[in-house]
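Hi,

Here is the structure I promised to pass on. Have a look, and then read on for my notes.

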Amino acid sequence: MEGIPLPPKHTGELLKDVVAQARALPNEGAVADYIPALAKVDPNYLGLAVVELDGQVHTAGDAHVPFSIQSISKVFGLTLAMERMGDSLWERVRMEPSGQAFNSIMQLEWEHGIPRNPFINAGAIVVADTLVCRYSASRTAFTQFVQSLAQNESIQVNEQVWDSEREHGARNAALAYLMKSFGNIKASVEHVLDHYFYQCSLDMSCVDLARALGFLANRGVQPGTDEVVCDPRSTHRINAMMSTSGMYDQSGEFAFSVGLPAKGGVGGGLVAVVPDYGVICAWSPRLNPYGNSHRGMFMVRTLAEELGLSVY
Ligand code: DON
């Protein structure tokens, strides 16, 4: 992951150009509507931010507008769980790509309730179970962790999205109960889902997310605060799993065309880690059939190409 050339100095202008190109694309894809509160978001939002390790921030479009982070929250949950659980976490969730949709249930029964990785919903629900079991107030601990990483105490849950996830969470409940039947959920399913839906329903902006995940580009040390968030081995592992599973069944294509550890969410956010440089975050709510942001993929791919950013 070394030897990535430093980008030229015109990053800010380039971001504006990339957002303009994305705006001109045809309106492909659709806003997630299986969580009805997400369907109310204006599909035309477009945001792009880069936060470099030295603290420089470049933005374009709606980079400061908070949106639902959804599955990007799984990166924060995993980081906390790896710290709390150590290697015992890997007895309950694996580190392989699933080759299935993020909310698929079939594989989980064949594989005896052990999810393929921590980024599909089943894996993130196991991670949520470990947090519920290890923290007396897991939701508060989660929020404080994210706020301190993003250096923004105003980050909070979107109550409408949280309620909507609970009301329309039958598939996640099915995943959780199936895993409970195999003994892989220890707390009550209601409690675990409550935490999982809560973390998915946090609102953050592109700048918040790019700043919050800086430690993944910096061997586990948070730029700006110098806090040791995790050790270099955990950083390596999280980035590796983002590379292989962060974009679900489109992770291969993303590695092929972009080549950066990344994580998408059905709120339309997409973060990409550039080791030794910084973090990119794009946001556009219309999703492709894999549940990844259509224009977000375009923006990250174009920016990475222009700046020559790839870990391969
Ligand atoms: O549980 C769900 O389905 C959502 N709260 C999160 C899914 C998600 O963001 C998948 N990412 N593309």
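Two strands count as paired here if DSSP finds at least two bridges between them. Strands themselves (E, at least two residues) are DSSP runs, numbered from the N terminus. Mind that this is a predicted model, where local features need pLDDT of at least 70, side-chain atom pairs count only at pLDDT 80 or more, and totals for chains, interfaces and linings use all residues. Residues are numbered from 1 along each chain as its sequence is written.

Let's start with E8, residues 278–283. Strand E7 (residues 269–274) runs antiparallel to E8, joined by 6 bridges, and Val271 has Cys281 in E8 as its bridge partner. The two strands make a hairpin with 3 residues between them, and Asp276 in the turn shows a positive phi of about 70°. As for cover, 6 of the 6 residues in E8 are buried (20 or more other C-beta atoms within 10 Å of the residue's own, with C-beta atoms placed from the backbone).

There is also an open sheet of 3 strands, in the order E3-E5-E4 with antiparallel pairing. E3 (67–68) and E4 (156–157) are at the edges with a single partner strand each, so one side of each has no neighbour in the sheet. E4 and E5 (residues 202–204) share 2 bridges, and Gln156 is partnered by Asp203 in E5.

Finally, the ligand: 13 residues surround it, and the closest are Gln70, Ser71, Cys200, Val266 and Gly291 (near means a C-beta atom, placed from the backbone, within 6 Å).

Cheers

Terms used. Buried ≥ 20, exposed ≤ 12 C-beta atoms within 10 Å, placed from the backbone. Helix = DSSP H or I, 4+ residues; strand = E, 2+ residues; numbered from the N terminus.
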